[in-house]
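This briefing is meant to be read with the sequence and the coordinates open side by side.

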Amino acid sequence: MTFQVYDTTLRDGAQREGLSYSVVDKLAVAGLLDDLGVGFIEGGWPGAVPKDTEFFRRARTELELRHAILVAFGATRKAGVAVEDDPQVRGLLDARTPAVALVAKADLRHVERALRTTAEENLAMIRDTVAYLVAQGRRVFVDGEHFYDGYRHDPAYTAAVAETALAAGAERFVLCDTNGGMLPSQVTAAITGLTARTGIAPERLGMHAQNDTACAVANTIAAVEAGVRHVQGTANGYGERPGNADLFAIVANLQLKLGMPVLPEGCLEQMVRVSHAIAEIANIAPDTHQAYVGAAAFAHKAGLHASAIKVDPLLYNHVDPSVVGNDMRILVTEMAGRASVELKSRELGLDLAGHPETLSRVTSRVKELEAGGWSFEAADASFELLVRSELPDAAPARPFALESYRVLVEHREDGAVVSEATVKIRVRGERVIATAEGNGPVNALDEALRVGLARHYPELREFELADYKVRILEGSHGTGAVTRVLVETAGAGRDWTTVGVHPNVVEASWHALVDALTYGLDRARV
């Protein structure tokens with residue numbers, strides 16, 4: 001039976017606190033998920049949620065899916081209502097999707113206390129709705145809500161729910177860990193018990209896991225190893241409470257660890273791009289430490305790791321990062337040895353293998369600066385400038401020389417706060433004095449420096465300050481603390497990060513700003 005990868009980012013994933021997709025967002029996310037090659041995209045609950053009704057209407061003309069089938073989500077008919085008269089069932093048909101997913105109570109306690117109906121009526125609701133939708137030409141999936149808790153409470157009844165759904169024509173019955181409380185061994189035991197009790201082939205079962213025990217991905221893999229051939233998850237693990245099983249980790253594990261080609265050829269390498277694009281649409285910063293797709297997923301910090309990676313990258317990488325669209329990174333920190341510095345330099349296009357003395361100087365300099373609070377881990381641009389300054393044929397370190405700078409902050413009677421900066425620099429033999437205002441001292445200093453350099457370096461117009469972070473270093477206290485400043489600059493289709501450290505936050509910022517402009521101008525000339 002064909003393996004099915006089923007995404008529910010647009011429905012279950014949208015239940016994450018603080019996340020809200022517009023219809024346009026949902027259409028864009030669906031397109032990205034199709035690029036990844038998932039088999040099914042659950043688009044929402046038509047009839048119950050107006051936004052989802054609109055999504056399905058627009059999807060018919062605006063979405064051109066190459067790999068995925070769109071699925072409308074809903075519930076079984078209400079107790080005591082004929083299926084053909086139930087408005088939400090009609091809403092599923094009106095969505096005109098090839099497939100529908102029905103949520104059904106699989107825990108007798110929920111049937112009696114939440115639905116307030118009988119065990120027999122719940123089974124009839126499942127049977128009637130599945131049979132009706134199948135007769136209307138729809139592929140039907142049934143999500144057994146609270147399956148695992150229900151199976152532990154009353155295995156006979158929960159098994160009857162699964163049997164009823166499949167006998168009525170459901171393509172797959174999905175075992176939902178709705179409360180997210182299961183562990184992998186419990187998932188395995190429940191699936192083994194269900195198939196032994198009923199004779200249901202495990203291939204006709206699916207798995208939907210919440211992440212309340214941080215085991216959602218592991219539980220899903222355990223289900224597959226027990227024979228399940230339908231998995232559900234969400235992009236980046238988005239969802240209610242701690243979230244859902246991360247679909248990216250699921251498919252990467254299945255494909256790379258278990259050798260199961262669950263995505264079309266060439267799609268797995270789209271994973272990082274799709275993950276970050278969906279995060280951007282959701283307005284959620286990507287998790288840098290997320291498995292497979294995070295920026296730090298293949299980042300190595302210890303010098304011991306770097307020494308081994310220099311011989312063979314797979315000695316410390318569990319897979320080749322490129323197969324999921326990621327890259328290996330070497331982080332240069334106080335833990336760095338010569339191998340780390342050499343590998344990081346090579347990553348930046350600077351080969352120090354033939355310059356052992358330079359390599360030693362850079363390694364010593366990094367350790368010295370890091371001991372004083374500098375951090376090159378997130379500031380590749382500053383590290384590259386440091387390496388270039390130590391090369392035998394080093395170009396002049398800066399495009400200008402500082403004579404002095406001054407920053408004033410004025411709090412006016414009307415409550416307005418205005419910052420003004422003046423810089424005195426020498427540029428190509430010319431003494432330049434420039435003044436500018438800003439919404440803060442660092443912004444004013446940045447503007448004044450740009451004014452002073454603009455005539456000689458017009459490419460500066462393309463650069464803009466994209467982000468600015470200040471951190472008080474550990475072991476420092478009060479207003480006299482040493483500060484570290486990270487500046488992210490964007491321009492000419494790329495961005496770069498620089499670092500500055502000093503007890504004075506303005507001076508720390510000055511170091512980071514000078515590195516930012518120096519690096520940008522250097523790259524502009526390449």
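Glu403 counts as partly exposed, since its relative accessibility is 37%. The model is a predicted one, and in it Glu403 forms a salt bridge with Arg426, with 3.9 Å between the closest N and O atoms. Because Glu403 lies in strand S11 and Arg426 in strand S12, the pair ties together parts that are 23 residues apart in sequence. Arg426, at 44% relative accessibility, likewise counts as partly exposed.

**The strands around that pair**

- Strand S11 (residues 401-411) pairs with strand S12 (residues 417-427) in the antiparallel sense, over 10 bridges, and within this pairing Val409 stands opposite Ser419 in S12.
- S11 and S12 form a hairpin with five residues between them, and Gly415 in the turn has a positive phi of about 95 degrees.
- S12 also runs antiparallel to strand S13 (residues 430-438), to which it is joined by nine bridges; here Arg426 stands opposite Arg431 in S13.
- The hairpin formed by S12 and S13 has two residues between the strands, and Arg428 in the turn has a positive phi of about 50 degrees.

**Other salt bridges**

- A search of the whole structure finds 21 salt bridges.
- The side chains of Asp212 and Arg241 meet in a salt bridge of 2.7 Å, N to O.
- That pair links distant parts of the chain, 29 residues apart, with Asp212 in the loop between strand S7 (205-209) and helix H9 (216-225) and Arg241 in the loop between strand S8 (230-233) and helix H10 (247-257).
- Asp212 is partly exposed, with a relative accessible area of 30%, and Arg241 also counts as partly exposed, at 45% relative accessibility.
- Asp12 forms a salt bridge with Arg11, in which the closest N and O atoms are 3.5 Å apart, and both Asp12 and Arg11 are buried.
- Arg11, Asp12 and Glu42 are linked in a network of salt bridges.

- Asp86 has its place in the loop between strand S3 (69-75) and helix H3 (87-94).
- Although Asp86 is buried, it has no salt bridge, and the nearest side chain of opposite charge, that of Lys78, is 4.5 Å away; a salt bridge would require the nitrogen and the carboxyl oxygen to be within 4 Å.
- Leaving aside neighbours within four places in sequence, Asp86 is in contact with Arg77, Lys78 and Val81.

- Buried in H14 are Thr358, Leu359, Val362, Thr363, Val366, Leu369 and Glu370; they cover an arc of only 135 degrees around the axis, which puts them on the same side of H14.
- On the other side of H14, Glu357, Glu368 and Ala371 are exposed.
- Gly373, which follows H14, has a positive phi, near 110 degrees.

**The chain as a whole**

- The chain has 17 helices and 16 strands, and 53% of its 526 residues count as buried.
- Among contacts between residues at least 6 apart in sequence, 67% join residues at least 24 apart.
- Glu62, placed in helix H2 (residues 50-62), is partly exposed, with a relative accessible area of 43%.
- Glu62 and Leu27 are 35 residues apart in sequence, while their C-alpha atoms are 8.0 Å apart in space.

Technical notes. Residues are numbered from 1 along each chain as its sequence is written. This is a predicted model: local features need pLDDT of at least 70, side-chain atom pairs count only at pLDDT 80 or more; totals for chains, interfaces and linings use all residues. Side-chain values use heavy atoms; hydrogens and water are left out. Two strands pair if DSSP finds at least two bridges between them. Helices (H or I, at least four residues) and strands (E, at least two) are DSSP runs, numbered from the N terminus. Buried means under 20% relative accessible area, exposed over 50%, partly exposed in between (1.4 Å probe, protein chains only). Lys and Arg count as positive and Asp and Glu as negative; His and the chain ends are not counted. Contact means heavy atoms within 4.5 Å. The arc is that of the directions from the helix axis to the C-beta atoms.
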